[in-house]
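Dear colleague,

Please find the structure below, together with its sequence.

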Amino acid sequence: MLYSKKVPIFASAQPSYPTAEPMNLIEEFLQYLRLELNYSKLTVDAYGTDLRAWADFATGGNPSSLIVTDVTTSDLRRWIGTIARQGCSPRTVRRKASSLRAFFRFLMRRHGLPANPASALTLAKTPKDLPVYIRPEDTGRILEKNDPETATPPAGFTDTRDRLIIDILYSTGIRCSELVGLLDIDADTRKGELKVLGKRNKERIIPIGPELMQSIDDYRRIRDASPSTAISPADRTAPLLVRADGRPLYRRLVYNVVHRTLAEGGVHAARLSPHVLRHSFATDMLNAGAPISSVQQLLGHASLASTQIYTHVTYSELKHNYQLAHPRALKKGGKNGN
């Protein structure tokens, strides 16, 4: 199809792999993301999926015949146009184009590729959706409803753990992947601190309040009372949250717990996911007057721009309340104005 002849990929650049296969270069790039840039496994997997799909398309199913130095911007546009026509969302198309840009940029730096054919790809900007969040009265009601101390009959291991999952996500704003990765030693209820390993293996310390500290202690007491879930104090790699058989949690389990708990709690939102609780944490912090720089640190955002989207959420709430309450914002007859 696109590239068929088999020649050294970077004959003029004298690369580290004079006759490297294209798929080996992709694997080298993924290893670079994983080991040198500390990208998460999910991010690396997404890059790998995108690049392998592109190589397969470019060669008609024979990626070993790909000659990277022959790739042009027009070739890449052909793939982008194809996946767009197949129904990929604009956000997904942009991500795949970003994967191509990063890959060819890597080849320029490490293997002497003279130019980046993906840099000329121009894509329409996608509008940023405001984060979905839950009102504090809803989260408060759910946590009170599932409080192990008031449960009748007394809450068992799974119910106590599931309630703690909701409590940690909403009280700290950590990501689902960060929750799954929490070790038992990361939760210090004496100091009131939670140590979180975020994106690119960056650690941050999050303060936790007395109620969450108590919830963690209650869960630990139930967990360690059973031989199947008990954790040895000497095991510094033991996870904080486990399944009923003692194995660690996984992302889908956490998602299911959050979705079920919020749905049963009567929460009506476009999405019921762990990330919605993260959005709710940030929105409630800003609404309560927390400095945006503090919220940025708690969320583990590398850039303040990532946190600023929550200011739009709080402004929308402010505008809504103004339209409901202020007489100059009302049309005659009591209907809201603009």
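Predicted model: local features only at pLDDT ≥ 70, side-chain atom pairs only at ≥ 80, totals over all residues.

Residues are numbered from 1 along each chain as its sequence is written, and side-chain values use heavy atoms, with hydrogens and water left out.

Arg163 lies in helix α6, residues 157-172 (helices are DSSP runs of H or I of at least four residues, strands runs of E of at least two, numbered from the N terminus). Arg163 is buried, at 11% relative accessible area (buried means under 20%, with a 1.4 Å probe and protein chains only). Its side chain makes a polar contact of 2.9 Å with the side chain of Ser215 (a pair of N or O atoms within 3.5 Å, one able to donate a hydrogen and the other to accept it; residues adjacent in sequence count only if both atoms are side-chain atoms).

In helix α11 (residues 292-299), the buried residues are Val295, Gln296, Leu298 and Leu299. Viewed down the axis of α11, these fall within an arc of 165 degrees, so they line one face of the helix (the arc is taken over directions from the helix axis to the C-beta atoms).

Three strands form an open antiparallel sheet, ordered β1-β2-β3 (two strands pair if DSSP finds at least two bridges between them). Its edge strands are β1 (187-188) and β3 (203-207), each pairing on one side only. Ala187 stands opposite Leu194 in β2.

Kind regards

Technical notes. Buried < 20%, exposed > 50% of the residue type's maximum accessible area, 1.4 Å probe, protein only.
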